[in-house]
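I opened this entry to record what I looked up, beginning with a helix and what surrounds it, and then going on to the backbone, the cores and a sheet.

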Amino acid sequence: MEHPYIKDILKKYNKNNIIINLSKKYGYEPYMIARYIEILGTEETEMLLEANEKPLPKSLRCNNIIIDCNKLEKRLKNKGFRLKKLTRFSPYIYLIEHAPYSPGATHEYLLGYYYLQGPVSASIVHGMDLKRNYLILDMAAAPGGKATQILQLIEDKGILIAVEKNKRRIKSLRANIQRMRFKNYIIYHYDNRKLPFKEEFDSILLDAPSTGEGIIRKDPRRKTSRTPFDLLEIHRLQVSMLLKAVEYLKPEKTLVYAACSLAPEEGELVIDTILKKLNNIDIIPMDIPGDSGISEYFGVQLDSRISMCKRFWPHRQGFEGFFACKIRKRGEK
Amino acid sequence: MNKKLEKLNEYEINFIKLFLSKLKLNKNIIEKYTRGLWGLSIEGGTHKDIFKPKFNLIKFIEKYNMIPYSLGLYIGLIGRRGFEPSLPLAHELAPFCKSHNIKCVILNIFEEKKFLYGKTIILQNRENVPMGYVLVVNRFYEALGWAIIKRPNNKYWMQNRLLRPVRDLGWYLRKGG
């Protein structure tokens, strides 16, 4: 299933001189530049492209379940690290301003005292409804950043069901959950669209497989790794997963859809498709930083409720690019 | 490949009890960590992964009859080399190094670095460290992993001991995924 206008939109990615010049200057596929200009205008597009040229700042999330975060901060400072709290994203996230060596090689990391996670990624999990006795589903859980954060926020009480289809990535998921010493979880190696659950979960996270355009700063190959056709396939996959997520959700409960991408095809158009298909869901505002979802794209008017979704831009928020949206399933009347 | 999740039988539980008793853990602790154990294996596979899930996890699994990939506290595995304890189990038992005088070795900061690279360490003039399987901790009693202690072959080094890592925390970077 796909958005009714997505193919028309993908045909609108024309190339003019500005687009061609910017795509040559920064090394992007022209359709990506066309998209940014459509949303941001030319001037701000250049700011975005410049921001994407700088390396992504490193950050960590303290695991307050097994260590006091002030103690962790002190231990790392004694090893020459310089940290700065980023409380507007999460009370547990620290920017690593200076690292004498790889933050992934400290004894504290191996002891499970922290996870290397981006601030935007962490703030999205804070947008979920999480309670200690909840049954929670993470539909695309590997490598485990958000899964371990969910377990941390519910203090390892309740149950997390973590699903991952990729055989190679599921090993990291298991290792990270065990490294951080969580126990109230089950990992399933399954396709998340083929699970037998029906209205089972109190809270769901779908951090959908995406083009990963939001982390071009970390992996510049993503500037040219996908065609518009790939984007269409990913959009269809994301829509099918989100439809399933709504099926798995209990009535009156919420799910969070997220995609590490700046492409509306992976964000707003996915939500718009779902809102057109289902009449038993609402968009709920999320109390996290970020900009509003866009309401119009290449002349296509999107559902006005999508403005309650969140967008994160590398040049505005300063970190990963992301899209997130919170959906509530209505109860039966 | 057919996977199976089933309760451990008496023989398997006793196998693990024997290992824990050799660590000089008391009966209550051994009972705690050998109660409610489940094994996950693949048909024709070489080992069985052992987990200690809480009751609510088992209830969920039984409801949907789906075999998990991993769940709960990972205790270790039973394979061709017998029982191999896990890193999560090391974390669970580390506090008992201080309070219960179990078979533990405390490494200094230099030894700790070497151990986490999976390297064998010569414990100099440490004749009093226990032999065989030991839990390895640092000076803060934080678990670093599992090791086997042996006497060196050289007769001039009889006051030393060789500490060979079996599973150290560095495994998470080298092999963990």
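I first looked up what covers the buried residues of H7(A), and the cover includes strand S1 (59–62), strand S3 (93–98), helix H8 (145–153), strand S9 (249–259), strand S14 (310–312) and strand S15 (322–329) of chain A. I took contact as heavy atoms within 4.5 Å, buried as under 20% relative accessible area, exposed as over 50% and partly exposed as in between (1.4 Å probe, protein chains only), and helices (H or I, at least four residues) and strands (E, at least two) as DSSP runs numbered from the N terminus.

I note that this is a predicted model, in which local features need pLDDT of at least 70 and side-chain atom pairs count only at pLDDT 80 or more, whereas totals for chains, interfaces and linings use all residues. Residues are numbered from 1 along each chain as its sequence is written, chains are lettered from A and ligands numbered from 1 in the order in which they are written, and side-chain values use heavy atoms, with hydrogens and water left out.

The buried ones are A:Pro119, A:Val120, A:Ser121, A:Ala122, A:Ser123, A:Ile124 and A:Val125.

The peptide bond from A:Ala142 to A:Pro143 is cis, with omega near 5 degrees, and A:Pro143 lies in the loop between strand S5 (135–138) and H8 of chain A. In the loop between H8 and strand S6 (159–163) of chain A I found A:Asp156, a residue other than glycine whose phi is positive, near 60 degrees, and which is buried with a relative accessible area of 10%.

For the nonpolar cores (sets of buried Ala, Val, Leu, Ile, Met, Phe, Trp, Tyr and Cys residues joined through side-chain atoms within 4.5 Å), I recorded that the largest has 77 residues, with A:Ile161, A:Phe197, A:Leu242, A:Tyr257 and A:Ile271 having the most contacts inside it. Helix H10 (residues 228–248) of chain A gives the most to this core, with nine residues. A second, separate core of 41 residues includes A:Val120, A:Met128, A:Ile150 and B:Tyr69.

Last, I turned to chain B, where five strands form an open sheet of mixed pairing in the order S7-S9-S10-S11-S8, with pairing taken as at least two bridges found by DSSP between two strands. Strand S7 (104–106) and strand S8 (121–123) of chain B stand at the edges with a single partner strand each, so one side of each is left without a neighbour in the sheet.
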